[in-house]
Amino acid sequence: MKVSYYPGCTLKTRAKNLEDSALAAFKALGIEYQELDRWNCCGAVFSLADDDLIHMVAPVRDLVRAKQLGAGTMVTLCSMCYNTLARANELMKHEEVKRKTINDFMNEEPDYFGEVEVVHFLSYLKNQIGWGALKSKVQSPLGGLKIAPYYGCTLLRPKDVAIDHPDSPTLFREFVETLGGEVIEFPSSTVCCGSYQALGNPEAALKVSFDILSDAVSRGADALVLTCPLCDYNLGRRQDDMLRKYEGAKDVPVLYFTQLLAIALGLSQEVCRFELNRSSTARLLKSRNLLAGVKA
Amino acid sequence: MALVISRRTSDTKFHDRVSELSGQEFMKCFQCGTCSGSCPMGDHIDTFPRKIMALLQLGRMEELSELNTPWVCASCHTCMVRCPRGIDITKVMEALRLTRLRQNVNYVEPSNMQPEEIIDLPQIALVSGFRKMTS
Amino acid sequence: MSTDAQEVTAGVEAKLIPIYVMGKRYDVPDSLTIMKAIEYAGYKYIRGCGCRGGVCGACATVFRKPGDYKIYTGLACQTVVEPEMYLTQIPFYPANRAVYDFGSLTGRPEEIFALYPELFRCVACNACTKVCPMDVEVLDYISAVKRGDIEAAARISFDCIQCGLCASRCFAEMPQYHIGQLARRLWGAYLTPKAEHLKTMVANIQAGRFSDGLSGLKAMSQDTLKKTYQDREMEPATGGEDWTPKDRQYL
């Protein structure tokens, strides 16, 4: 089945490790995909004011592009893009008056009625590929690696676009288990990392992110796995600030779910782009011989 | 601090404006405090969402305009999914932000950001941060 | 009017049509461009008329037509007037133009981000593309910059003439055309492949490989020089990729 693929801006620069590992996994899993032509930034956050339709235009324009491509399903990797696009899609499906206003405003584009289905790759793996089929393709199981799956906010909230139960999700656990990893459950797995407050209130974002990492580490996690480049910034890159600021802070390897997938599928190490992760990530994987089975 | 409630202190216009922007009915809130208990930014906000709902019910515009809460809120939607009264508090926070932003007053000033700061942030942070905190 | 002018226009009865310049009605010949029509009406351009040849972007103009909500744009020196057009000229539209030391840049997308962070306020409303008199897909190149694709931004914005109408319409208050220009500069200076053969050639010149030939030419009389030029070996029109001249001493 052919799907359209929406990357998102950061996946073309800082989160190239998310994109490259995912695209390699698409191929390995036989997922035929095509990146949208002429896509624009979706806006990253969904507008929450009832009268604010101008901020719906960006995600809807992308949905129009997906419709033009003719694939019924549009797969996203970044969970913030997923949330924004999926919510805009719900609006275009169900809110007739707003839909008409947006379609009329975008008079240079064909009308859109919510025809495309927006899917996050994690749900796609579960529902379209299936855990059983995925397991059969695992070449180097992650045996022994203790992984704390971090959902963050936008995959689970609000309910109408949640890929799993907002308060007790299991999808990410199933994913890690399928790849042969040991799952470390931790209560903070659905707690916000501070998101865009990295910009508005960086100290507050740093503290909540530090608490999340501490929770995972205190339960024995070797690494944190996530789905979003902004979470990766707050929980990954900003560990340098944590190590300076908080006593007892530890360097925690952080990686994208698609990198984990690529490793388990035995894909080339190059597609994982570990140079974009904390250096502790590749060190950990090497020490567990998880990069050994990987084709160099 | 005692709150004096009278018609004089109650700004119904402001109440109606926030209600209209957010599409939420504050009067449905029965002050259980689940939102406050769920807020990941609890240590960093000066006023819990439960109290904000109370202030909105009373139309206390002055107190509401000085809070840092809407500006520390990260729109994580935890309060929203847990509210037993089905109020989308995230939308209320957005409405409170917009009452300021729509007067052309930014909370974050892109022109004043240092180049090193911008270069360190991924695009996704700049886009989402500007969306929420610039007019 | 001089007699000469009357003779020239004799028999070509110009049809007059009404236009509105800043709200005031004037009757002007229907064959004029907007720029000439405004001058015909008695206005004088001090600035903002530019090259009058459709190249420089100085005279970008907006106008409306009666009963139509849409904004129309064009270059005043190229667009012919239509009856009942609503016109004015926008001599200059203020836009934030970042100051940078180009030599210290290296061609990383982050350099554009730091100079123009307002870029990230784009809402993809597409007003920029709709208003562009050069039909540049402005939103597309801004989207390309946002995702760090400087080459795509440079290519898509290539036809931009820096008129600034995009900035005048921008919801995010950004100067698209300056951002596009920076992308083109970075791409041209730092990201396109370097011409390695040029280095070899410069080295050859410096090593004096062509000195004899040049001084020989310089010493020739005008007639000998002409003859040498006329007798030179030319690449035939049908010459293929691998054609080389018989005299290869300077290759």
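Modeller: A salt bridge is a side-chain nitrogen of Lys or Arg within 4 Å of a carboxyl oxygen of Asp or Glu. The model discussed here is predicted.

Colleague: How far apart are the closest N and O atoms of A:Arg38 and C:Asp140?

Modeller: These two residues form a salt bridge between chain A and chain C. The limit for such a pair is 4 Å. The closest N and O atoms of A:Arg38 and C:Asp140 are apart by 2.6 Å.

Colleague: Which helix of chain C gives the most residues to the side that touches chain A?

Modeller: The count between chain C and chain A is 3 salt bridges, and 10 residue pairs are in polar contact across this interface. On the chain C side, 4 residues come from one helix, residues 138–146. That helix is α5.

Colleague: How many residues of the side of chain C that touches chain A are charged?

Modeller: In chain C, 16 residues are in contact with 16 residues of chain A. The chain C side divides into 6 nonpolar residues, 3 polar ones and, as charged residues, 7.

Colleague: Within chain C, which three residues supply 48% of the area that domain 1 buries against domain 2?

Modeller: The domain assignment gives domain 1 as 15–87 and domain 2 as 102–191. Domain 1 and domain 2 of chain C bury about 640 Å² between them, 71% of it on carbon and sulfur atoms. The three residues that supply more of the domain 1 area than any other three are C:Ala60, C:Ile71 and C:Thr73.

Colleague: How many salt bridges are counted between domain 1 and domain 2 of chain C?

Modeller: Across this interface, 1 residue pair is in polar contact. The side of domain 1 that touches domain 2 has 6 nonpolar residues, 4 polar and no charged. The count of salt bridges between the two domains is 0.

How values were computed. Residues numbered from 1 in each chain as written. Chains lettered and ligands numbered in written order. Predicted model: local features only at pLDDT ≥ 70, side-chain atom pairs only at ≥ 80, totals over all residues. Heavy atoms only, no water. Domains from an automatic or database assignment. Buried area = accessible area lost by both parts, 1.4 Å probe. Polar contact = N/O pair within 3.5 Å; in protein donor to acceptor, adjacent residues only side chain to side chain. Nonpolar A, V, L, I, M, F, W, Y, C, P; charged D, E, K, R; others polar. Contact = heavy atoms within 4.5 Å. Helix = DSSP H or I, 4+ residues; strand = E, 2+ residues; numbered from the N terminus.
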